[in-house]
Amino acid sequence: MEHSHEHTHPHSHDGVEHTHPHTHEGHSHGDVQGEDKTAALLQYMLDHNVHHCGELKEMAGGLSGEAQHQLLHAVESFEEANGHLAKAIEELKK
């Protein structure tokens with residue numbers, strides 16, 4: 001299975017926030033079949049989510065008040081979902 005996608009996301013440097021394109025290049029899982037193929041795709045998605053979770057944490061550091069509070073709740077939700085993804089991957093690899 002090969003896929004790629006591009007999107008933009010906010011990013012800040014020295015307190016100045018801007019957006020820039022973020023591309024995930026196509027990749028292939030070759031001859032991997034069935035549950036192995038699913039586990040490989042889920043691992044890719046988990047790694048992708050972890051990356052975005054880090055970006056959200058960084059953004060939260062530049063905010064205050066209720067906006068920061070809500071963004072940190074979003075980060076908690078991402079981390080909880082990532083934990084479930086990781087457990088699903090572990091089960092598929094058994």
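Which residues make up the largest nonpolar core?

Residues are numbered from 1 along each chain as its sequence is written, and side-chain values use heavy atoms, with hydrogens and water left out.

So how confident is the predictor? pLDDT is its confidence in each residue, from 0 to 100. The protein averages 80, and 66% of the residues score at least 70. Among the elements, helix 2 (residues 65-93) has the highest mean, 96, while strand 1 (residues 3-13) has the lowest, 54. Where pLDDT is low, the predicted coordinates should not be read in detail.

Now the layout. The protein has 2 helices and 2 strands, and from the N terminus the order is β-β-α-α. Helices (H or I, at least four residues) and strands (E, at least two) are DSSP runs, numbered from the N terminus. Helix 2 has 29 residues and spans 42 Å from its first C-alpha to its last, close to the 42 Å expected at 1.5 Å a residue; that expectation is 1.5 Å times one less than the number of residues.

Let's look inside. Of the 94 residues, 23% count as buried. Buried means under 20% relative accessible area, exposed over 50%, and partly exposed in between, using a 1.4 Å probe and protein chains only. In helix 2, the buried residues are Leu 71, Val 75, Asn 82, Leu 85, Ile 89 and Leu 92, and their cover includes helix 1.

Back to my opening question. The largest nonpolar core has 6 residues: Ala 39, Leu 42, Leu 46, Leu 85, Ile 89 and Leu 92. Helix 1 and helix 2 are the elements that give two or more residues to this core. A second, separate core of 5 residues includes Cys 53, Leu 56, Leu 71 and Val 75. By nonpolar core I mean a set of buried Ala, Val, Leu, Ile, Met, Phe, Trp, Tyr and Cys residues joined through side-chain atoms within 4.5 Å. In soluble globular proteins, nonpolar side chains tend to be buried together.

Take Leu 46 as an example. Leaving aside neighbours within four places in sequence, Leu 46 is in contact with Asn 82, Leu 85, Ala 86 and Ile 89, where contact means heavy atoms within 4.5 Å.

Next, the charged residues. Side chains of opposite charge can pair when their charged atoms come close. The structure holds 2 salt bridges, each being a side-chain nitrogen of Lys or Arg within 4 Å of a carboxyl oxygen of Asp or Glu. In one, Glu 79 and Lys 57 meet at 2.8 Å, N to O. This pair links distant parts of the chain, with Glu 79 in helix 2 and Lys 57 in helix 1 (residues 34-61), 22 residues apart.

Apart from neighbours within four places in sequence, Glu 79 is in contact with Cys 53 and Lys 57.

The other bridge joins Glu 91 and Lys 94, with their closest N and O atoms 3.0 Å apart. Both Glu 91 and Lys 94 are exposed.

Note on methods: pLDDT is the predictor's confidence in each residue, from 0 to 100.
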